[in-house]
Every structure is written in C-alpha cells, then in structure tokens.
Amino acid sequence: MVKKPKLVDQLKDVTKLAVEATRHVTEIVESMHNTIGGGPEILGRPLEKVTRLMTAPTYGAIRGVTNIVGAGLELAVSKIEPLIDQAGAERGSLLAAINGVVGDYLAATGNSLAIEMRLCLAGQPIELSSDKIRALVPESRKILLLMHGSCLDESSWLRKGHDHGAALAAEFGYVPLYLRYNSGLHISENGRALAAMLENLLKAWPWPVEDFVILAHSMGGLVARSACLVASEESLIWRSKLKTMITMGCPHHGAPLERSGNWVDQILEISRYSSPFARLGRIRSAGVTDLRYGNVLDEHWIGRDRFARMNDPRESIQLPDGVACFTIAATTASSPAKILPGDGLVPVESALGQHKNPFLALDFKESHRCIAWGTNHLGLLSSKFVYQQLVEWLRADSTQDQRTVVMAEELE
C-alpha cells in the first residue's frame, strides 16, 4: 500500500518549518545588527566585540522563546490528533509550492511535508504491481505519462475545466498516468528516480506496451530528458518503448528569473552591510537553481556552489535517439515581432530548444516546433490551440508508425 503521511504529522512539520524560518530570520537580523554596530571597517570595527556581547542575550532569548513556542505547538497538535479526520489529509497545491521552494531541505531533514515521487491515476497514487494495475485500468497497451512543472503537482493538469491528459486519453485510447514529484530536488535526482520508476512500471504493466508517450510541462520536460539519459546509459526497457515526447514551456536552456536571482545574490554580497540579506536568496531549492541554465545531469551541479556566479556548465546534450520529440513555446504577444516576449517565465528560444551556441541547441525538427500566441506559462495547460496541436502531432506520428509496419510487412 502507498502510505500517505498523516495530517497531524504534516502539521507538526509545518511547525518545525516555521520555527526553522524564524531562526534563520533571527540570524540575519543579528548579523545586520553586529555589522552595523561594530563600527567602520577602516578603523578595524572597534565596537564589534562589545556589540556582540550586548546583543547576545537578546537574540539568545529570541531563539529560546522560538524553541519553546515550537515545542508547545507540536504538543498542541499531538493533543488534537484524535479529532483530525485522516481522510482529509491532502498535500494539494500549497504543499507542491512549498516543495518547489524548499523541497530539497524537506527531503534532507526527513520532513513529512516532502513529496515522494508517485505515479497517479484519477488523483490517487498507484502501486506498481500487475494485480493492482489490472484491477484499476482496462486492458491497454498505450500509456501517456504527464509530468508537471516546478511548484506544481498532478492536479495542475486540470485547468479551466480542461485536462490535456484526459482529453488525449479519450481521443487515442491512452491510459493517462500523472507523475507527482518533489520539484525542489535536483532535476537529475528526479530524472534518476523517474527512470527507475518507469522501469518498474513497464515490468509490472499486465499487457505488452506498444505506445508510450510523455507529455511534460515546464520543469517536467527537463526531468523527462534527464530520465531518458539515465535510461539510455543503463539500457532500461522503457526507453526502447518510448515513441513520443512533447514538452510545453520547458526551459531547455534555462529561465532568466533564476539567472536574475543569482545576480541579486552577487550584488548583495558586495557590501558587508547587505551581505546578510544574501542568505534569503539561498533559501531557493536545488530544483530552482537548476533552472538557471536547464541542468539535467549530476555533473552540472556536483562539486559546484550552486549559488555562486558561474558560466553555463553544460555540454552538448541532444534529444533522445529514436523518439519523435516535439516542443511548444508560449508568448504573451498576439502576433509575430522581431523580439518576442516569453510566456512570463520561459523565453521562446529556450522553450524551442534554440541557443546561440550551436553545440547546445536541441535538434527539434522545424515541423516539430510550435508557438502558442497570446498564451502565458500556465495557459499552455488549458489552451485549445495547444490541444489541437497535440492531437495533430500524435495522429501524424501514429499514422507514420502504421506506414512503417506496413512497409516492414511488405519487405517480409
């Protein structure tokens, strides 16, 4: 059985998270106080020791009160545990957002708020066993995997009454499986976990898989590409079954918002008076910092200070061989222009895999690229135009496969 964290445990861990945040804010304020009160650096900061001696009791008291309050809240939550309806314990959108921002910290500290990677069907996690799958789904040899973006979960696919997954399943007969994952972890960590999970899925699938498609939004596209690299290296079964991969609003070459955040970190470090605030920028998760350039491999971050100013660490990484790869970018512009704005988060060029360095550019065929006009990042999930484009690509891809089968039979 897939074990769901109890709501009472999640409430306790929310308390721990709040207490930890208070401690960090206290450290920032204390550092600012000591820096300013220590006097001019040119004079050797003559009052630094005196300032630290005088302020230590105050900040020590704040930490002590914070610990007491935290313990009291945890005790209070424990006492109301019998009154809590366990069936109502849902992670939801708020939990997904928290994981997107500090999910790596939650996982490292064993916090129950950390989202575990799951494959979901009809809003519920599924067990990867043949018997369980056979009991949940009708016989099918076609799987559609939908992968959400940063700070989201599988529920994000239902937007304005439309779900690309459900609609495509009805159109083509796929079984739509929705991935849920902690978007605060490194993209390569999620990619490795997904590669292993998909291998277990195909081994447990009760029927031979003939058509396997990935539809990924935003960060999900990077996780999908990372998983494909792992699967190719380890010769995993599911990789040979993957026919089509479609990304929507994927920051293949990063997002300027994270690069701007990195610049802010560096600027704040220039002055000793502002440097304590740089700690606030270091709250953002490993998943977020991976979006600076679109990192998909361990080598892109291992042994590097992810908050330090650095050049793009990536080398040429192409799309998976033998897979029909498509990509959709969105722009808030309603008509073509010399310089197109992105979708509010991801530039058009990044989403299309284009790069000024030809070694980094992704080789999507021109007919496999598409721009959704007058659409923002989340609008991709409910766009009728986008859905029609998905249908057109999948139908053409299916027809091409049928032609290949006929030609093979004729050669025999």
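**Confidence and aromatic pairs in a predicted model**

The protein has a mean pLDDT of 78, and 67% of its residues reach 70 or more; pLDDT is the predictor's confidence in each residue, from 0 to 100. This is a predicted model, in which local features need pLDDT of at least 70 and side-chain atom pairs count only at pLDDT 80 or more, while totals for chains, interfaces and linings use all residues. Residues are numbered from 1 along each chain as its sequence is written, and side-chain values use heavy atoms, with hydrogens and water left out.

Two stretches call for some care. Over residues 261-278 pLDDT stays under 50, and the model has 36 contacts (heavy atoms within 4.5 Å) for them beyond four places in sequence. Residues 402-412 also stay under 50 in pLDDT, with zero contacts beyond four places in sequence. Where pLDDT is low, the predicted coordinates should not be read in detail.

Turning to the rings, the structure holds four aromatic pairs. Rings of Phe, Tyr and Trp (its six-membered ring) pair if their centres lie within 6.5 Å, with planes under 30 degrees apart counted as stacked, over 60 as edge-to-face and the rest as tilted. One of the pairs joins F172 and Y174, which are tilted at 45° between the planes and 5.8 Å centre to centre. The W205 and W207 rings form an edge-to-face pair, because their planes stand at 75°, with the centres 5.9 Å apart. W205 counts as buried at 5% relative accessibility, and W207 is buried at 11%.

Y174 has a further neighbour: K142 lies over the face of its ring, 5.0 Å from the ring centre. A charge sits over a ring if NZ of Lys or CZ of Arg is within 6 Å of the ring centre and within 35 degrees of the ring normal.

Terms used: Buried means under 20% relative accessible area, exposed over 50%, partly exposed in between (1.4 Å probe, protein chains only).
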